[in-house]
Amino acid sequence: MSPKDLENLQHEVASLAKRQGDLEDVVLEVMERREAAQERVAELTGRVESVQAKVDDAVARRDAATAGLDAETATATKERELVAASIPADLLKLYDKLRAQSGGVGAARLYQRRCEGCRLELNITELNEVRAAATDAVVRCENCRRILVRTPESGL
Ligand SMILES: [Zn+2]
């Protein structure tokens, strides 16, 4: 090997060593970026799990509430059937008609001279008519037409 060849070879070795160093820096940088990305994935996975746990909890509470409402509905429906069976057919028919016309409330308590269906206070003439009516007569609110239910608190 001539001195010239040796010089060229040494130059090439130095150049390859520098290239290796540069590539090692690139590998190091890629590894650091990969590590940062893995940390981000772990963080986001944790957040997804946390949100999913909240969703699961809300779904469980909704289902429990729905089951409670279904049970209440079943009980109320049975109670209504029992009460409806004890009411004269013509009165029940009137009640059901008024109920359909008045947003689901066909009868309202008369409380301290006020119809609790429409919240209006009866005037003196209306009160006198209600006072004069027989205790088993069906009296109606002049304003909303609902059946008025008289109680000791009616203010009569
Ligand atoms: Zn009324």
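Modeller: Let us begin with the term domain: the bounds of a domain come from an automatic or database domain assignment. For the protein chain this assignment gives domain 1 (1-86) and domain 2 (88-154). The model is a predicted one, in which local features need pLDDT of at least 70 and side-chain atom pairs count only at pLDDT 80 or more, while totals for chains, interfaces and linings use all residues. Residues are numbered from 1 along each chain as its sequence is written, and side-chain values use heavy atoms, with hydrogens and water left out.

Biologist: What separates the centres of domain 1 and domain 2?

Modeller: Taken over C-alpha atoms, the two centres are 63 Å apart.

Biologist: How do you know whether the radius of gyration of the protein chain is that of a compact globule?

Modeller: The radius is taken over C-alpha atoms, and the globule rule is 2.2 Å times the number of residues to the power 0.38. For 156 residues a compact globule would have a value near 15 Å, but the protein chain has 42 Å. Along its principal axes, the C-alpha trace spans about 135 × 35 × 25 Å.

Biologist: Which elements does the protein chain contain, and how do they run from the N terminus on?

Modeller: There are three helices and four strands, and they run α-α-β-β-α-β-β. Helices (H or I, at least four residues) and strands (E, at least two) are DSSP runs, numbered from the N terminus.

Biologist: How do you know that the span of helix 2 agrees with its 13 residues?

Modeller: The expected span is 1.5 Å times one less than the number of residues. For helix 2 this gives 18 Å, and its end C-alpha atoms are 18 Å apart, so the two values agree. After helix 2 comes Gly103, with a positive phi near 60 degrees.

Biologist: What makes strand 1 and strand 4 a pair?

Modeller: Pairing requires that DSSP find at least two bridges between the strands. Strand 1 (residues 107-111) and strand 4 share four bridges, in the parallel sense, so they meet this requirement.

Biologist: What makes strand 1 and strand 2 a hairpin?

Modeller: Strand 2 (residues 114-115) runs antiparallel to strand 1, with two bridges joining them; one of these links Leu110 to Cys115. Two residues lie between the strands, and Gln112 in the turn has a positive phi of about 50 degrees. Arg119, in the loop between strand 2 and helix 3 (124-132), also has a positive phi, near 70 degrees. Most residues other than glycine have a negative phi.

Biologist: What makes strand 2 and strand 3 edge strands?

Modeller: The open sheet of four strands has the order 2-1-4-3, with mixed pairing. Strand 2 and strand 3 (139-140) each pair on one side only.

Biologist: How do you know that the largest pocket lies between the domains?

Modeller: A pocket is an open set of points on a 1 Å grid over the protein atoms alone, where a 1.4 Å probe fits, with protein on both sides within 12 Å along at least five of seven lines; lining residues have an atom within 4 Å of a point. Domain 1 and domain 2 both give residues to the lining, so the largest pocket lies between them. The lining has 17 residues, and Ile87, Leu91, Tyr95, Ala107 and Ile147 lie nearest the centre. Strand 4 gives the most, with four residues.
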